[in-house]
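Okay, everyone, thanks for coming. Let me put the structure up and then walk you through a few things in it.

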Amino acid sequence: MKWLILMALPLALAGCGNGFSFKPKEVAAPAPTAAPAPGEPAATRRPPAAARTVDQFDATSAEERAAAADPAKPAGERSLGTTVASLGDPSRVGFWLETPLVDAPAKGRVVYPGSGKSANVDLIPIDGPPTAGSRISLSAMRLIEAPLTDLPRVEVFAGG
């Protein structure tokens, strides 16, 4: 009886799926990131479904990066303080900071002291005490050259 079970087992397993193979399966390379349509707002764009790299997730245009990197400080800009920023949702395109330092949506700027670089961002309010952390967009983190895997401390300004 045992020999019957041992003989039937390979036949039963051979009928499962496509058989058994030690060869690795081919994986298709992710599709290249499509350039955004002119005038298409960043909030409506999404990275490609097959995005796997930082460059593929950062779907901002060169023009948007240049505008966000504009070093001109707006008149009437005021400091809101510093916050520890973690990487926000990488599928949300654009330059933004979700922070408890603001009570209402506003335009602003973040500065990473480690590089001295800044980015113009949309400030989005979140619940929490002012000492709580913030979440920053992938595009903004790359622009200010903050390490993506760290929790960098950034200076936050509300623009005039």
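**A barrel and one threonine**

Let's start with T99, which touches I124, P125, I126 and S134, leaving aside residues up to four places away in sequence. Before I go on, keep in mind that this is a predicted model.

So where does T99 sit? It's in strand β2, which covers residues 96-99. And is T99 buried or exposed? Buried, because its relative accessibility is 0% and anything under 20% counts as buried. The side chain also has a polar atom 3.1 Å from the backbone nitrogen of L101.

Okay, zooming out to the sheet. Six strands close into a barrel, and the order is β1-β5-β2-β4-β3-β6, with mixed pairing. On average, neighbouring strands of this sheet are turned by 40° against each other, if you ignore direction.

Now let's go through some of the pairings. Strand β1, residues 78-87, runs antiparallel to β6, residues 153-158, and six bridges join them. One of the residues there is R78, whose bridge partner in β6 is A158. Then there's β1 with β5, residues 134-136: that pairing is parallel, over three bridges. There you'll find S86 opposite R135 of β5.

What about β3, residues 106-112? That strand pairs with β6 in the antiparallel sense, over four bridges. Look at G108 here: its bridge partner in β6 is A158.

Note on methods: Residues are numbered from 1 along each chain as its sequence is written. This is a predicted model: local features need pLDDT of at least 70, side-chain atom pairs count only at pLDDT 80 or more; totals for chains, interfaces and linings use all residues. Side-chain values use heavy atoms; hydrogens and water are left out. Helices (H or I, at least four residues) and strands (E, at least two) are DSSP runs, numbered from the N terminus. Buried means under 20% relative accessible area, exposed over 50%, partly exposed in between (1.4 Å probe, protein chains only). A polar contact is a pair of N or O atoms within 3.5 Å; within protein, one must be able to donate a hydrogen and the other to accept it, and residues adjacent in sequence count only if both atoms are side-chain atoms. Contact means heavy atoms within 4.5 Å. Two strands pair if DSSP finds at least two bridges between them. Axes are lines fitted to C-alpha atoms, for helices over the stretch in contact, and angles run from 0 to 180 degrees between N-to-C directions.
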